[in-house]
Amino acid sequence: MSRMFGVLARSYLGLVLLFLYVPILVMMIMAFNKSPLYMLPFRFDTVWFGKLAENERLLRATWNSVWIALANMAIATSLGTMVALAFARYDFPGKRFLQGLLMPPLVIPWLITGTAMLIFFFWTGIGRGLHSILLGHVALSLPYVVIVISARMQSFGAVFEEAAASLGATPWQVFRRVSLPLMAPGIVAAALFAFAISFDQFVISYFLAPVGISILPVEIYSSIRQGFTPEINAISTIVILVSMALMIAFARLSSFSGER
Amino acid sequence: MTTTAARNRAILWLAGPAYLWLLATVLLPLAAMLYFSFLTVSPLSGTPEFTLAHYRTFFTQEVYLVNAGRSMMLGLHVTLLCLAFGYPAAWVLARVIKNRWREAMLLLVVLPFWSNGLVRTFSWTMVLTDYGLIGRALHAVWPGAPSIEIMNSYPAILVGLTHAYLPYVVLTCYVSLQGINPSLTEAARSLGASWGQVFLRVILPLSLPGIIAGAMLTFVPVMGSFMEPRILGGTQAIMLGTLIENQFTAAFNWPLGAALGFVMLGAVFLLMALFWPLIRRHVQGVAA
């Protein structure tokens with residue numbers, strides 16, 4: 001391959017990256033512009049971040065989002081770890097079917113999953129609210145958690161567990177002393193992923209959030225619909241930095257590129 | 001045998017809770033939605049009777065057919081744009097960039113996909129205007145530059161959604177391109193094939209599973225999108241997705257919304273059924 005071609009190819013990739021990141025960067029820069037009407041020239045100011053700290057609604061929505069994401073992380077990671085363990089260590093009839101059942105939350109558009117949850121939760125009396133948002137987020141996170149932890153478990157066989165069991169360890173000791181430490185990186189990665197999915201999820205929360213109670217993406221959406229202000233840029237900057245940091249940590253733990 | 005019983009109990013206790021959760025939050029709700037779609041009114045607000053009227057409404061009223069068509073076209077356009085820009089990028093990642101750089105670049109490409117989609121859509125409203133940072137800079141260096149003021153139009157929706165799904169298409173294409181043994185292209189070249197022939201006869205067929213997977217994973221959610229058209233589309237925002245959303249958040253005709261949702265779901269499943277044999281054959285062909 002000629003040198004010239006290599007340069008062209010790299011420039012093309014550079015352009016794709018520009019397309020992906022320039023809008024986000026522009027949005028972030030405008031969060032630091034003083035003018036409330038996005039007027040240029042640019043004058044640096046952190047006034048909009050200060051405004052956030054006084055916005056009661058937004059603070060409450062942020063608080064709700066963080067709590068839901070933490071609860072979702074704890075529940076989805078525990079349930080998902082158990083499923084991954086069952087899939088990795090046992091062969092049983094119907095296993096393929098159960099693995100297939102993880103697909104609907106992944107492939108059905110969120111619009112449909114979200115409205116179906118709305119119908120069912122209303123009908124059964126579960127209703128809308130933070131509890132039903134949590135129910136929905138766990139369902140969306142579970143398939144990802146199972147996939148991430150299963151990938152980790154494929155990298156080591158059952159030999160260590162069998163060795164421990166044959167040396168007289170109880171099933172609980174085998175799990176606590178052998179399986180868990182081996183699975184740990186996968187579990188931590190899956191937990192970060194689950195947190196990020198919940199923290200960024202908009203569609204499901206949108207349909208399940210009742211009037212008056214809100215969580216961050218829903219609150220941002222209604223602010224956008226009312227008209228743009230640099231305050232939205234400020235909160236968006238924080239949200240996107242948090243989710244990107246989470247995903248970088250996830251990538252470091254799970255080596256997702258499949259090279260190692 | 002007691003060991004079998006113990007084993008079955010272990011499987012049940014390990015997998016049971018998660019599947020109960022999925023049953024209550026995904027499978028039963030979908031069943032309830034299907035049931036609602038055949039009712040005259042929601043059981044919450046009256047005495048329902050069985051009816052096919054909502055499905056009939058979809059197939060007879062122009063507004064639904066036209067907008068279902070618009071949603072399909074939107075899905076098709078975004079998918080084609082993502083493939084056109086994403087496939088070459090995936091190829092560069094798989095064949096030109098090496099080692100640690102490749103890993104870093106791949107992470108950079110995929111990172112936006114897993115960040116907040118709402119915020120990324122919002123960020124385009126800052127760009128697609130002549131009076132923003134980009135518009136000002138462009139007109140400063142190139143006074144005669146064409147206007148980039150495309151907010152509140154169909155092209156704005158295209159840009160936002162392409163931005164949203166491009167990373168995923170790059171990833172799926174990368175995975176299948178990276179799996180192609182480079183000696184296959186060398187063999188084809190040494191036997192006299194031109195670069196065009198190598199691409200059409202070797203690289204394209206072998207990377208088809210990645211292309212189809214990426215296309216499906218883009219087309220399906222784009223068809224169900226409503227937030228992106230609403231923020232970027234202005235008067236062009238009405239799609240099947242926004243019509244469904246409307247039934248649940250404004251018009252409160254849940255049975256009609258449920259029926260429209262199932263029409264969309266039917267289209268999704270039809271598409272998957274159509275393409276699955278194609279991907280499967282290729283997966284097996286590569287493995288054999």
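Two residues are in contact here when heavy atoms of theirs lie within 4.5 Å of each other. On that criterion, in what is a predicted model, 84 residues of chain A are in contact with 86 residues of chain B.

**Interface between chain A and chain B**

- Chain A and chain B bury about 7900 Å² between them, and carbon and sulfur atoms account for 83% of that area.
- On the side of chain A that touches chain B, helix α1 (residues 3-30) of chain A supplies the largest share, with 18 residues.
- Sorted by residue class, that side of chain A consists of 71 nonpolar, 7 polar and 6 charged residues.
- The number of salt bridges between chain A and chain B is 0, while 8 residue pairs, with both residues at pLDDT 80 or more, are in polar contact across the two chains.

**Fold of chain A**

- Chain A is built from 12 helices and has 0 strands, so that, by the definition of these elements as DSSP runs, its order from the N terminus reads α-α-α-α-α-α-α-α-α-α-α-α.
- Along the principal axes, the C-alpha atoms of chain A fill a box of roughly 70 × 65 × 30 Å.
- Chain A has 260 residues, of which 52% count as buried.
- When contacts in chain A between residues at least 6 apart in sequence are considered, 73% of them join residues at least 24 apart.

**B:T218 and its surroundings**

- B:T218 belongs to helix α9 (residues 195-223) of chain B, and B:T218 is buried, with a relative accessible area of 0%.
- A polar atom of the B:T218 side chain lies 2.8 Å from the backbone oxygen of B:G214.
- Once neighbours within four places in sequence are set aside, the residues in contact with B:T218 are B:V78, B:T79, B:C82, B:Y165 and B:V169.

**Cysteines of chain B**

- Over all chains, the disulfide count is 0.
- B:C82, one of the residues in contact with B:T218, is in no disulfide, because the nearest cysteine sulfur, that of B:C173, is 9.9 Å away, whereas a disulfide requires the two sulfur atoms to be within 2.5 Å.
- B:C173 is likewise in no disulfide, and its nearest cysteine sulfur is that of B:C82, 9.9 Å away.
- Both cysteines are buried, B:C82 with a relative accessible area of 0% and B:C173 with a relative accessible area of 1%.

Notes: Residues are numbered from 1 along each chain as its sequence is written. Chains are lettered from A and ligands numbered from 1 in the order in which they are written. Side-chain values use heavy atoms; hydrogens and water are left out. Buried area is the accessible area (1.4 Å probe) that two parts lose on being put together, summed over both. A salt bridge is a side-chain nitrogen of Lys or Arg within 4 Å of a carboxyl oxygen of Asp or Glu. A polar contact is a pair of N or O atoms within 3.5 Å; within protein, one must be able to donate a hydrogen and the other to accept it, and residues adjacent in sequence count only if both atoms are side-chain atoms. Helices (H or I, at least four residues) and strands (E, at least two) are DSSP runs, numbered from the N terminus. Ala, Val, Leu, Ile, Met, Phe, Trp, Tyr, Cys and Pro count as nonpolar, Asp, Glu, Lys and Arg as charged, and the others, Gly among them, as polar. Buried means under 20% relative accessible area, exposed over 50%, partly exposed in between (1.4 Å probe, protein chains only).
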